[in-house]
Amino acid sequence: AVKEPSDRKPHCNVGTIGHIDHGKTTLTAAITRVLSEKGLSKFVDFDNIDRAPEEKKRGITINAVHVQYETQSRHYAHTDCPGHIDYVKNMITGASQMDGAILVVSAADGTMPQTREHLLLAKQIGVGDIVVFINKADLVDKELLELVELEIRLLLTEFGFDGDKIPVVCGSALEALQGEDTEYGKKAILKLMETVDTHVTTPARNLDEPFFLPIEGSVTVQGRGTVGIGTLTRGTILKGDPAVLLGYGKEMKTFISDIQIFQDSVPKAYAGDNVGVLMRQINKKLVSRGMFLCKPDSIKQWNHFEAQIYVLLNSEGGRSKPLLKEYIQLMYSKTWNMACCVRLPEGVTMVMPGDTTIVNIVLRRPMVVYEGQRFTVRENQLTTITGVVTKTLS
Ligand code: GDP
Ligand code: MG
């Protein structure tokens with residue numbers, strides 16, 4: 001039987017981010033190992049995390065693995081990606097659900113370009129809380145650890161995080177994964193998880209608001225119909241609820257005929273849950289990543305809106321040239337991406353990298369857009385714009 005939120009541990013979505021080879025996957029495996037010894041997780045070994053299944057959605061290939069574990073106080077879903085570009089795509093297209101991130105930095109290397117890029121993305125998509133794990137502490141002496149910590153704090157501050165206050169834990173994911181009960185081994189992992197428990201705030205999940213499920217993917221269940229997969233961002237769903245599937249200008253009425261959480265059929269699911277939702281009479285061909293399953297009449301699609309944007313500097317990975325009158329590129333928001341035209345305000349002929357401005361944006365097709373929604377615009381794999389919707393326009 002599914003437990004009610006009051007007696008269920010609060011749920012939290014986290015993930016490991018950081019430069020390639022700094023130990024994100026080793027740390028993910030180590031966390032499951034250390035918590036499994038307390039009966040709070042199933043041990044997932046390195047190879048099973050690193051062999052992330054490939055998803056191809058709307059031309060974008062993303063590799064990501066989700067593992068789940070518990071601490072004394074919370075239940076976690078943890079995302080780990082194999083490659084840098086998977087993080088970029090995952091964070092931009094779907095990881096708006098990451099409540100907190102564990103930034104992994106190798107003590108032997110210090111901060112590296114992908115450390116910067118992941119922090120910038122975390123800031124852009126609004127990952128609220130960051131905890132730092134300085135890994136490979138077994139390879140360096142204490143003085144170097146202190147220097148690396150200082151360097152990370154400066155970088156955090158540079159990106160607008162509270163570099164002085166963000167907690168930093170030092171350890172060795174490899175020692176912990178090998179079961180060593182040392183200061184840098186298992187003890188460091190327990191300390192890290194305690195830090196995550198206290199520092200990453202459980203987001204206010206508005207269980208009473210109309211439900212809202214961004215679709216990340218779909219599968220056909222033989223003889224039963226189409227299952228939409230995603231993280232319920234808002235509200236509560238019950239088996240039998242009427243729903244509407246929206247996106248790309250389409251709108252389809254349906255009913256939720258089954259709900260699954262980690263392969264179990266449940267009568268009810270709450271904001272924050274990763275769910276599979278069986279949608280009655282919806283053909284798989286009609287379901288694409290980027291659509292939204294919502295309570296009927298609770299939300300609309302728009303293809304025209306006003307937004308506040310920031311044009312990234314070349315040193316942040318953005319353009320070196322200014323934006324001119326009309327800029328046509330791909331916009332990414334929630335789980336969708338779509339061609340868009342960014343129009344500068346009347347009388348403005350260019351916007352320089354590093355500047356912010358209000359613009360009008362037109363999407364090729366109507367999508368679920370709402371005030372306060374974050375997005376990015378990318379040009380040839382580079383994030384050139386980050387923004388927030390300020391007003392929908394008809
Ligand atoms: P990722 O690319 O960030 O996921 O990094 P991996 O977890 O794949 O680790 C990269 C390499 O670093 C592997 O060979 C790991 O065995 C090694 N490694 C990871 N953590 C540690 C550690 O704490 N100490 C040492 N010495 N090596 C580590
Ligand atoms: Mg990895």
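Figure 1. Of the 394 residues, 55% are buried (under 20% relative accessible area, 1.4 Å probe, protein chains only). The secondary structure comprises seven helices and 26 strands, taken as DSSP runs (H or I, at least four residues, for helices; E, at least two, for strands) numbered from the N terminus. Among contacts with a separation of 6 or more, 71% join residues 24 or more positions apart; contact means heavy atoms within 4.5 Å.

**Figure 2. The shell around ligand 1.** The shell holds 16 residues, of which Asp-21, Lys-24, Thr-25, Thr-26 and Asp-138 come nearest; a residue belongs here if one of its heavy atoms lies within 4 Å of the ligand. By class, the shell has five nonpolar, seven polar and four charged residues; Ala, Val, Leu, Ile, Met, Phe, Trp, Tyr, Cys and Pro count as nonpolar, Asp, Glu, Lys and Arg as charged, and the others, Gly among them, as polar. Helix H1 gives the most, with three residues.

**Figure 3. Polar atoms facing ligand 1.** A backbone N or O atom of Asp-21 is placed 2.8 Å from a ligand oxygen atom. For Thr-26, a polar side-chain atom lies 2.5 Å from an oxygen atom of ligand 1, and for Ser-172 a side-chain N or O atom lies 2.9 Å from one. The protein covers 79% of the 570 Å² of accessible area that ligand 1 has on its own.

**Figure 4. The surroundings of Ser-106.** Ser-106 lies in strand S6 (residues 100-106) and is buried, with a relative accessible area of 0%. Its side chain joins that of Asp-109 in a polar contact of 2.8 Å (N or O atoms within 3.5 Å, one able to donate a hydrogen and the other to accept it; residues adjacent in sequence count only if both atoms are side-chain atoms). Beyond its neighbours within four places in sequence, Ser-106 contacts His-22, Asn-135 and Lys-136.

**Notes.** Residues are numbered from 1 along each chain as its sequence is written, and chains are lettered from A and ligands numbered from 1 in the order in which they are written. In this predicted model local features need pLDDT of at least 70, side-chain atom pairs count only at pLDDT 80 or more, and totals for chains, interfaces and linings use all residues, while side-chain values use heavy atoms, with hydrogens and water left out.

Notes: Areas by Shrake-Rupley, 256 points an atom, 1.4 Å probe, with all protein chains shown as cover. Buried < 20%, exposed > 50% of the residue type's maximum accessible area, 1.4 Å probe, protein only.
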